[in-house]
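Hello,

Here is the structure I promised to pass on to you. Have a look at it first, and then read my notes below.

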Amino acid sequence: MAIWLSRSRKIAHFLNPKIAYFLQPEDFSYKIHVNYVNSSSFRTLSGENFRSPHAFLDNSATVSALQRRCRRPESTRAGEQVETRYSDDDYEDENQAMDFPGGRVSFTHEMKFISEAADKRIPCYRVLSDDGYLIAGSRFEQVDKETAVKMYKSMVTLQIMDNIFYEAQRQGRISFYLTSTGEEAINIAAAAALTSDDVILPQYREPGILLWRGFTLQEFANQCFGNNADYGKGKQMPIHYGSNKHNFFTISSPIATQLPQAAGVAYSLKMDKKEACVVAFTGDGGTKQFRSDGVVVKGQAYGIRSIRVDGNDALAVYSTIRAAREMVIHEQKPVLVEALSYRVGHHSTSDDSTKYRPVDEIEHWKTARSPLARFRKWVHKNGWWTDDEESELRGSIRKQLLNAIQVAEKTEKPQLAEMFSDVYDNLPSNLHEQEKSLRETIKRHRQDYPTDVPL
Amino acid sequence: MLQAIGVASPSVSFSDHYNKFSVSSIRSFPVIRSDSRLISVSGSVHGSFKPKKVIAKATATQTESSASAASKPGHELLLFEALREGLEEEMDRDPRVCVFGEDVGHYGGSYKVTKGLAEKYGDLRVLDTPIAENSFTGMGVGAAMTGLRPVIEGMNMGFLLLAFNQISDNCGMLHYTSGGQFTIPTVIRGPGGVGRQLGAEHSQRLESYFQSIPGIQLVACSTVYNAKGLMKAAIRSENPVVLFEHVLLYNLKERIPDEEYVLSLEEAEMVRPGEHITILTYSRMRYHVMQAAKTLVNKGYDPEVIDIRSLKPFDLYTIGNSVKKTHRVLIVEECMRTGGIGASLTAAINENFHDYLDAPIVCLSSQDVPTPYAGTLEEWTVVQPAQIVAAVEQLCLIHISSYTHSLAFPTMTSSSNWRRKLFDLSMKYSVQTRLLVLNFYVKKRKNLGCLRVSEAENLGSSWKVGHYEKFLDRVDVGRDRRISDESWLEVECY
C-alpha cells in the first residue's frame, strides 16, 4: 500500500498492489467512468467524467471478472480490473475488435496518430484562492481549528528553520543545506493528512514531514552538525535525515532511488496487512524531464490513478492526500498525486539558481504565491490566528533554533569507532585491522588529527 | 577419510595424515647444486620413494557406487535442488523470508531453484516481477528496511548490473548512513560465470564489479553441500549477501546430510590438503583445478586446493595457514585478469604473507575480453586444467638467488674444465618442503657419461645415464638443453 507523492516541482505517487477487498462487491456501490486518453471531456471537478475520489469498481464488472478468472493468481488480479473496465466497448463485433492483454482493442480504418499533447492540460485541483478565500463549490475535507493551527505553525517553523540553517551554512557553521521554501504546504499538509504509521520515503525536500511527526529542532540541528546525538551518527550529509521511529526512511542523495524501495515497503505492509500506506516523494528531477504534460498524464500510461493538485494550497493538498490514502489502503492500488508548486530557494547551498531563472520569477512565487501567506489568510479569516501569535511564534522559533544550533555545535562529534560501525552487523576482521591501523597513524601524527573527534 | 573434507569446519587439519616423507627419505632426496635457476625435483625421480600416501586420492569428494547408495546416510540431490531445499527450509522457519525475481513464481525459476515454492507459499511471497532489475532490487531493499528478508533472484547475474545503484548505494550503504537504524538483510543471488555459448552479456563475472562495495558480503557456492549451507547462512545473515551460483554447476549431484546444517559465510573450504603449492579457487574453477590436481599428483606434485568460497571478506586465516605451509600460491579464477577477485586476493596475500612466499603469486584468469560466442574461443577464455598443470610446474621453479645461504666454489684442475657452485639449501628449507628447487649448471666434461651423486654420508654412489636423463626432464639446463655423454652434473644429497 503505497502513495507516491511527486512534485512537479512536486508530485505524489501512490503505490499499492493488493486486491483482497474486491471479493466483497457489496461494499462498493459507486460507479466509475472510464477516462480515455485522448478525451477532452473533462468537465468541472465535480463533473461526470472524472473519477471521483471515492469511486471503486462497479459491482457487476468486478464480480464477473473475478468469476471468469478466479483461478488466476492474486498478483495478476489487479490487471483484471483494467480489462473489465474496457470490456464494455461499442464494438462488440468480433471482426471489429481483438482481445489483447488489457482488454478489447477495437480496429479503425482511419490512420490517426494520438497527439503528443492533449487539447487541454489536465486541470489542477485547488480549494483556496490566492487571497485565502475558499473557492465556491469546492469539495474538500474540512480541517478543524487545532489541525489548521498546527499546520500553520509547522509551516512557519519549517520556513524559519530553513532560513536559519541556510544562514548557518553561509556562515560556515554547517557544510551543506537544502531548503524547502515554497513547498511548505506540500510538506505539512501531506504530513497532516497521513498517520504516523504511514511510511515516508522522501527525496530530500520533505523535512516538514519529520517536523510534523515530532522531530525536534534540536534533532534537526544534530543531524546537520553531524554530532554524536545524530541518529545517523554523522555518516550522512546534512539534511539527509532518517528516523525509523518516525517511519521516515533515511534520505539517499541520488534521485529516485527511493521509488522502487517504496514498492518494497508497500509489499511489506501488504504482507503484514497493515492499515497503512507508504508515500514516496520525488521532484521534477525524478519525473518531469520530458515533454509531457507533467507527470500526471503518465499515471494512466502506467495504469495508475492520478490527480493534479495545487501544491501551494494547503487545504487542497490535505484533502487530496486524505482521499488518496483511503483509496490506496482500501483498493490496494497505487495513486499518483502531482502537486504543482515552485521551489523558491536554490536547489541547495551549492547552487545559484539566478543563473538559470529570472529573479523576478522567484520573487513572484515567494511573495504573491506563498503557500504560507495563502493559508494564513484563511486561518486568520476563521479567527483562528492573530498577528500577535504570529510574531510571538516567529520570535520563539527563532530563539529555539539559534539555541539548538549552539547546542549542536558544542556537542561532541561521534567517536572514531563509529567510522567502522554499521558497515556490517558485526565488525569484521578487516575493518578491525583498518581501525587499528588508523589509530596507530593518529597516535603517530596527533597534531594532524582534528581535536574535536573523540578517539 | 578425504570425504570429510567438505564439512563445515574446514579448519580441521589433515596434515597429520599426509606426512609422506620420513626424515630419512628426505635426506636421501637428491639435491643438485649449481648456478642460476632452481628446478623442481619430484619424488618420482627416486624409484624407491614413491610417495604413495599423498597420491592416494587426488579428488576430495567421493561419489559412492549406486549399490551402496541406499544404505548411506543423507540424501542425494542436484545443486539447484539443494538451493531450493535450503530456501524452503528457511522460508518454513521464518515467515519474513520472501522471494522476488523474474519467473520465480509460476515458472518455478529459470533454473528451477524456486520450483514449487509459489504453489506452497503463495504467489505474493514468491513474487514474479517484471523485467526491471533496478526496480525489484530496490523493492527488496525497501522491504528489507521494513523488516522482511527478501531473496532477490537475478535471472542471470549480468542483469544485476542494471540494479547496481540499488545494490551499491542502498543495500551496501543504508545501514551505515542511517546510523544503524535500518538493516538490509537481503540475499541477492543468481547464476553467473561463463556458460555454454550464452554470449558475452550473459557470461559475466559480477564478483569483480561488486567486490569493492562496502557493506555487502560475497559468497560463491560450488558444491551441492555448500550451496545449501551458504544459502541458509546468507538468508540468516543480517547483512546484505550476494550469493554467486554458476550456470554450469546446477546439475551437480551429491549426497548431503539429512540433518540441518548452516555453513559459515566467511570460511574457505579445504578441498584437498597438500604440501607443495596452494591453489586458491572458487566456483566452477574448483573442478578444473581438481582435474588438474589428478594430473599433478601423477606427476608427483602435491597441491593443496582451497575453495575460497567467501569472496568478500577473504578467509585469510585458512589461506594464510596454507601459504605458511607450502610457500607457493596459484590462484585460479574465472574473473578477468584486471580487477578480478584474483587480483584482490593476490594483493591481500602479498601484503599479509609476503615473508612466507618463495615465489611470486601466479594468478590464472580469463583474458580481458568479452566472452566470445564461438564454442572453441569460449573454451579458451576460461582457464583449462592443462594451463593449471603448466602453471604449477612453472611455479615450482624458483629463483634461489635471494635464498643463497652460502656459496662454495671448489675449483678443479684446469684439465677437468668444470666449475661448480654449491648452494647449501638444507638450512633454508624445512623438511616439509617437498619440491626442492635447485639450480644447476651443466658443463661438458669429456669422459663421463653418468651422474655423480655424492651423499653427505656416503660418497661415490652414482647414477646411470638413464636416470640422469629422466631427471633432467625437470631440470632447466640453461639455454642449452642438449645433453651428451660428455656432460655431467654433480649431485649431492641431504
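**What I found**

P313(B) sits in the loop of chain B that runs between β14 (310-312) and α11 (316-326); helices (H or I, at least four residues) and strands (E, at least two) are DSSP runs, numbered from the N terminus. A cis peptide bond, with omega about 0°, joins K312(B) to P313(B).

Some background before the rest: this is a predicted model, in which local features need pLDDT of at least 70 and side-chain atom pairs count only at pLDDT 80 or more, while totals for chains, interfaces and linings use all residues. Residues are numbered from 1 along each chain as its sequence is written, chains are lettered from A and ligands numbered from 1 in the order in which they are written, and side-chain values use heavy atoms, with hydrogens and water left out.

S283(B) is not a glycine, yet has a positive phi of about 55°; its loop lies between β12 (277-281) and α10 (285-298) of chain B. A256(A), also not a glycine, has a positive phi of about 65° and lies in the loop between α6 (217-225) and α7 (258-272) of chain A.

Now to where the chains meet. Contact (heavy atoms within 4.5 Å) involves 37 residues of chain B and 33 residues of chain A. About 3100 Å² is buried between them, with carbon and sulfur atoms giving 61%; buried area is the accessible area (1.4 Å probe) that two parts lose on being put together, summed over both. On the chain B side, L124(B), Y176(B) and Q181(B) lose the most area to chain A, together 23% of what that side buries. The elements of chain B that each give two or more residues to this side are β4 (97-101), α5 (133-145), α6 (164-171) and α7 (174-177). Of these, α5(B) provides the largest share, eight residues.

One joins R374(A) and D313(A), at 3.8 Å from N to O. This pair links distant parts of the chain, 61 residues apart: R374(A) is in helix α12 (residues 371-381) of chain A, and D313(A) is in the loop between β6 (305-310) and α10 (314-331) of chain A.

Enjoy exploring!

Terms used:
A salt bridge is a side-chain nitrogen of Lys or Arg within 4 Å of a carboxyl oxygen of Asp or Glu.
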